[in-house]
Amino acid sequence: MDAVSVASDLLGPTATEDPYALFAELREREPVCWSEAHRAWLVTRYADVAAAFQNKRLSSDRVRPMLAARATEGVPAAADEILSMMSEWMVLSDPPAHTRLRRLAAAAFRGQRIAALEGRIGELVDGFLDGFVAGGHRDLIEHVAYPLPATVIAEMLGAPPADRDRFRRWSGELGLVAFGAGGDARPDRHERALGGLREMFEYFTELAEIRRAAPTGDMLSALLGTEGPDGAALRPDELVGMCSLLLFAGHETTTNSIANGVLTLLKHPDQLARLRGHPELIPSAVEELLRIEGPIKTLVRWVVEDHELGGRTIRNGERVYLLISSANRDPDRFADPERLDLGRAPNPHIAFGRGVHACIGAQLARIEMRVALDRILGRLPELALTEDQLTWNCSLASRSLAALPVTHRAPR
Ligand code: HEM
């Protein structure tokens, strides 16, 4: 099989189940490879991906080119409206627009504010685990890993408890289409995502009005009160866009990182036993689990000027997929990269990206993962996988399980 046909297989059943053999082959044989199937360059080596994060000729604004392309592709009108609404997202913008939004958002993510959430996150995990055990449930995603991040972000933004189920639904609906690298082919996915996005925008618009009149200590109030470097606060549409981005960016990534982490531990009983015996390893275990089975496979960039990348000429208007989960297993950067080593140090993985767009929620995500793993392992000492076949969702963007069925006798 030549490199191009390997690349075209990235959404096939074998690669969906386990993409890492293909990644290794691409890294070895054609580390910057044009895929006709994906109409994109696939970049698989750590050094090239890390350099791409600093490369100003690779743009994060994939909304405008996608809107232009869709005009000729006959894509549903709903898709255009979704993209227009997402065009305010800082993750989809370049400096200087990005710089301004990022500085305004940073105030809401100050270290102290995030660290103070740890106790509450513990209470939430305990509550979800109580329901999981008492209800005799088996799917750790549905009952623990999925509700946790949506509830955390809903609480941070100051949404009343009764509204939290809506947060989860909106995020799930938007996940059906966002970032354009998924394999989901449900015919109604654009309409469903658009419905969720419209509701979400209305919701945050109303909530922002309430907070503007009477600020509280929540993140929404912090975002509202923030004065930027040029003295300008977020415009109302930007504020609503920021809330929807935070909900979306912080939800499924964290869900999948918890689920992938638990699965990886269950598949490596020696490392699981090591962790149970040495809970002080949890912080480094979290980094290693993010490296070896992180929740994001691919980040998308657009070429805005012809140039060389890894020895290939890439041209203005072409799309580039940065395969961060391949980079995180590159033997040129990590010794014995296919081996899970919960004490690995140093561990310069790029699961949270790098450069100006590096994940603003990384500290929060790390706390959620640490607390979730600590509580899950502590409270379910006999946690084990069931005999059920595991299903990986077909997506280039994310590495995610459809469900994580477990048994958990002798709960405390
Ligand atoms: C384990 C969980 C997470 C992972 C692996 C992750 C990963 C990433 C990555 C790779 C990027 C860079 C995107 C790019 O360069 O195009 C990013 C950006 C971002 N993340 Fe996360 N993330 C996680 C959790 C969170 C959480 C909990 C939040 C917030 C509540 C969050 C909010 C954001 C935002 C707002 C951006 C855009 C930053 C910018 O454009 O400047 N993420 N994340």
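**A helix and its surroundings**

Reply: Let's start with the buried residues of H17, which are Ile282, Ala285, Val286, Glu287, Glu288, Leu289, Leu290, Arg291, Ile292 and Glu293. Keep in mind as we go that this is a predicted model.

Helix H17 itself covers residues 282–293, twelve residues in total. From its first C-alpha to its last it reaches 16 Å, close to the 16 Å expected at 1.5 Å a residue. Is H17 largely enclosed, or largely open? Ten of its twelve residues are buried, so the rest of the structure largely encloses H17. "Buried" here means under 20% relative accessible area.

What do those buried residues pack against? Their partners are helix H3 (20–29), helix H15 (236–266), helix H16 (269–277) and H19.

Let's zoom in on one of these partners, H15. The axes of H15 and H17 come within 9 Å and cross at roughly 95°. The two helices are therefore roughly perpendicular to each other, since crossing angles of 65 to 115 degrees count that way. On the H15 side of the contact you'll find Ser257, Asn260, Gly261, Thr264 and Leu265. They meet Leu289, Leu290, Ile292 and Glu293 of H17. Sorted by class, this contact has four nonpolar, four polar and one charged residues.

H15 has another crossing to show you, this one with H12. The axes of H12 and H15 come within 9 Å and cross at roughly 85°. H12 and H15 are therefore roughly perpendicular to each other too. From H12, the contact uses Phe167, Arg168, Trp170, Ser171, Gly172, Leu174 and Gly175. Across from them in H15 are Leu247, Phe248, His251 and Glu252. By class, that contact splits into five nonpolar, four polar and two charged residues.

Setting aside neighbours within four places in sequence, Gly172 is in contact with Tyr146 and Glu252. For a sense of scale, Gly172 and Asp341 are 169 residues apart in sequence and 32 Å apart in space, C-alpha to C-alpha.

Now go back to H19, another helix that the buried residues of H17 pack against. H19 covers 362–379, and the loop between helix H18 (324–327) and H19 holds Cys359. Which protein atom is a donor to the iron atom of the ligand? The single donor from the protein is the SG of Cys359, 2.3 Å away.

Who else touches this cysteine? Arg102 does, and it also touches Met90, Val356, His357, Ala358 and Ile360, not counting residues up to four places away in sequence. Arg102 is in helix H7, residues 97–106. Compare sequence with space here: Arg102 and His357 are 255 residues apart along the sequence, while their C-alpha atoms are 8.5 Å apart. With a relative accessible area of 22%, Arg102 counts as partly exposed.

The loop between H18 and H19 has a couple of backbone details to look at. Most residues other than glycine have a negative phi, and most peptide bonds are trans. In this loop sits Pro346, and the peptide bond joining Ala345 and Pro346 is cis, with omega about -5°. Asp336 lies in that loop as well. Its phi is near 50°, a positive value in a residue other than glycine. Asp336 is partly exposed, with a relative accessible area of 44%.

The peptide bond from Pro95 to Pro96 is cis, with omega near 5°, and Pro96 is in the loop between helix H6 (77–86) and H7. Arg39, in the loop between strand S1 (32–35) and strand S2 (40–43), has a positive phi near 50°. Its relative accessible area is 48%, so Arg39 is partly exposed.

One last stop is Ser398, in the loop between strand S8 (382–385) and strand S9 (406–409). Leaving out residues up to four places away in sequence, Ser398 touches Pro295, Ile296 and Lys297. Ser398 and Lys297 are 101 residues apart along the chain, with 5.1 Å between their C-alpha atoms.

Terms used
Residues are numbered from 1 along each chain as its sequence is written. This is a predicted model: local features need pLDDT of at least 70, side-chain atom pairs count only at pLDDT 80 or more; totals for chains, interfaces and linings use all residues. Side-chain values use heavy atoms; hydrogens and water are left out. Contact means heavy atoms within 4.5 Å. Donors are N, O and S atoms within 2.8 Å of the metal (3.2 Å for Na, K and Ca); water is not among the atoms, so sites may look incomplete. Helices (H or I, at least four residues) and strands (E, at least two) are DSSP runs, numbered from the N terminus. The expected span of a helix is 1.5 Å times one less than its number of residues. Buried means under 20% relative accessible area, exposed over 50%, partly exposed in between (1.4 Å probe, protein chains only). Axes are lines fitted to C-alpha atoms, for helices over the stretch in contact, and angles run from 0 to 180 degrees between N-to-C directions. Angles under 35 degrees count as roughly parallel, over 145 as roughly antiparallel, 65 to 115 as roughly perpendicular and the rest as oblique. Ala, Val, Leu, Ile, Met, Phe, Trp, Tyr, Cys and Pro count as nonpolar, Asp, Glu, Lys and Arg as charged, and the others, Gly among them, as polar.
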